[in-house]
Amino acid sequence: MPLQFHRFVDSPQEGTILMFFLGTKSSETTTIGGRSYQTDEWHNLPSNIASSISRKLHVQKDHPICITRAIIESRFPSPTYKYHNTFFPVVSTHQNFDSLGFPADHPGRSKTDTYYVNKDTVLRTHTSAHQADVFRANESEGFLISADVYRRDAIDRSHYPIFHQMEGARMWDRTKVPNGDITAAVWKDLEALPTHSMKVEYPNPPTHPERNPLQKEHSPDEAEVIAAHLKRSLELVVRDIFSRAKAAAIAASPDFVDEPLRVRWIEAYFPFTSPSWELEIFWQGDWLEVLGCGVVKQDIMEKADLPQQLGWAFGIGLERIAMLLFEIPDIRLFWSQDERFLGQFKGLSDNLENLKRFVPFSKYPACYKDVAFWLRSSSSSAGGGSRANTQDFHENDVMEIVRDIGGDVVEDVAKVDEFTHPKTGRKSLCYRINYRSLEKTLTNEEANRYHDRVRNALIEKLGVELR
Ligand code: PHE
């Protein structure tokens with residue numbers, strides 16, 4: 001069935017239906033976005049995640065994630081690139097992992113990293129989950145897929161278990177380009193792209209025979225020109241974002257002095273591209289990774305029944321770009337319904353040429369609380385000492401318990417101490433949680449109430465012993 005992937009397209013009414021179904025979870029089925037799923041022992045979806053699925057920030061007019069999406073889309077014009085913005089977030093493990101060549105033992109498949117609805121069904125961890133279906137549908141030479149993605153992860157100002165990605169791809173067809181000459185066709189398209197004067201650094205060689213090889217199906221010239229088209233396209237995205245950010249900064253303070261923009265391409269690995277790279281931007285003293293990309297593996301095109309096509313793909317994190325663009329200091333702000341946040345972006349979707357910098361509203365005081373505990377003794381007495389401990393304990397479980405209880409009131413969770421008892425081999429950990437609302441001052445009693453619930457949940461769900 002060529003249009004099989006349309007089964008995963010969300011309908012506009014779904015959001016409303018979802019409201020009634022949220023939280024209707026029994027031991028056997030759960031309903032997400034109006035669709036019913038069988039659950040099993042793999043199910044690990046907390047209610048706060050399920051309730052955020054309806055938000056679709058990337059298509060909410062005037063939301064900074066939506067504005068960022070529109071700006072990037074403007075660099076990849078229709079109809080060469082077709083935009084897909086409504087794919088449903090629940091996908092099969094086949095779509096999310098197998099179709100992309102992830103090995104069976106890849107750590108990304110573990111329950112500690114990924115939200116499972118059941119053994120064969122997950123919340124997509126990246127927009128690449130839709131690549132194979134969109135390639136197979138073969139509706140356009142290129143495409144962009146923007147969507148919410150889900151990962152169990154640490155909590156801090158730049159990590160949140162839901163974020164947004166944009167997938168991009170551009171293919172050329174050997175049977176359609178003049179004389180079957182891919183190299184000449186891609187060169188022509190590359191020459192039609194604007195140039196830029198941004199300084200680009202290459203700390204690694206662009207390819208490496210073992211670590212980052214060309215594919216046997218591609219001639220070196222083909223791979224090289226496809227990579228050049230990919231890199232130029234993405235450098236233009238970065239330049240565009242930064243020139244808009246700079247204009248907004250100058251509008252806010254006319255004596256603003258900017259530093260020259262530094263970007264670099266570094267070697268990377270993805271199971272579905274080769275060679276592969278990541279783009280990093282030098283930002284406030286650090287190199288910040290903003291996207292992954294590469295030349296699409298030919299077996300993906302073969303499995304999509306398009307062996308005659310070759311090209312590139314990328315995946316970019318929209319929150320990171322939006323944070324750079326507007327100077328938004330905390331990733332939780334994207335989920336805020338507070339007018340002091342949303343009001344600052346009103347009208348910008350229709351006026352992308354005149355962006356305004358975000359002006360942080362007053363920061364409320366932080367409230368730090370520590371929790372220290374011994375890991376389950378049964379795991380450490382099993383002969384493996386602390387190693388056994390680390391096998392059945394995963395830090396992401398702590399993160400999620402805290403997130404599930406504290407929601408967006410938790411700014412940060414950090415491990416501050418770790419200790420193994422020299423005689424018993426038992427391991428003790430201490431985490432420091434920063435409770436700070438974006439919207440009001442928390443009283444100490446309110447913070448304690450959250451913290452007591454966190455303490456109890458750690459005992460109940462992880463079997464730890466509080467110290
Ligand atoms: N899906 C990858 C990620 O989330 C990014 C990527 C997309 C890399 C497409 C290469 C090609 O990290």
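A salt bridge here is a side-chain nitrogen of Lys or Arg within 4 Å of a carboxyl oxygen of Asp or Glu. The structure to be toured is a predicted model, in which local features need pLDDT of at least 70 and side-chain atom pairs count only at pLDDT 80 or more, while totals for chains, interfaces and linings use all residues. Residues are numbered from 1 along each chain as its sequence is written, and side-chain values use heavy atoms, with hydrogens and water left out.

**First selection: Lys415 and Glu418**

Select Glu418 and Lys415, which form a salt bridge with their closest N and O atoms 2.9 Å apart. Glu418 is partly exposed at 41% relative accessibility; this class lies between buried (under 20% relative accessible area) and exposed (over 50%), computed with a 1.4 Å probe on protein chains only. Lys415, at 40%, is likewise partly exposed.

Move to Lys119 and Asp120, whose side chains meet in a salt bridge at 3.8 Å, N to O. Lys119 has a relative accessible area of 47% and is partly exposed. Asp120 is partly exposed as well, with a value of 45%.

Next, display the side chains of Glu267 and Arg211, which meet in a salt bridge of 2.6 Å, N to O. This pair links distant parts of the chain, 56 residues apart: Glu267 belongs to strand 10 (residues 262–270), and Arg211 to the loop between strand 9 (199–201) and helix 7. Helices (H or I, at least four residues) and strands (E, at least two) are DSSP runs, numbered from the N terminus. Arg211 is partly exposed, at 47% relative accessibility.

The structure holds 36 salt bridges.

Show helix 3 (residues 64–74) and helix 7 (residues 220–252), which pack at an angle of about 130° with their axes 9 Å apart. Axes are lines fitted to C-alpha atoms, for helices over the stretch in contact, and angles run from 0 to 180 degrees between N-to-C directions.

Which residues of helix 3 and helix 7 make the contact? Helix 3 contributes Ile71, Ile72 and Ser74, and helix 7 contributes Val237, Asp240, Ile241 and Arg244; contact means heavy atoms within 4.5 Å.
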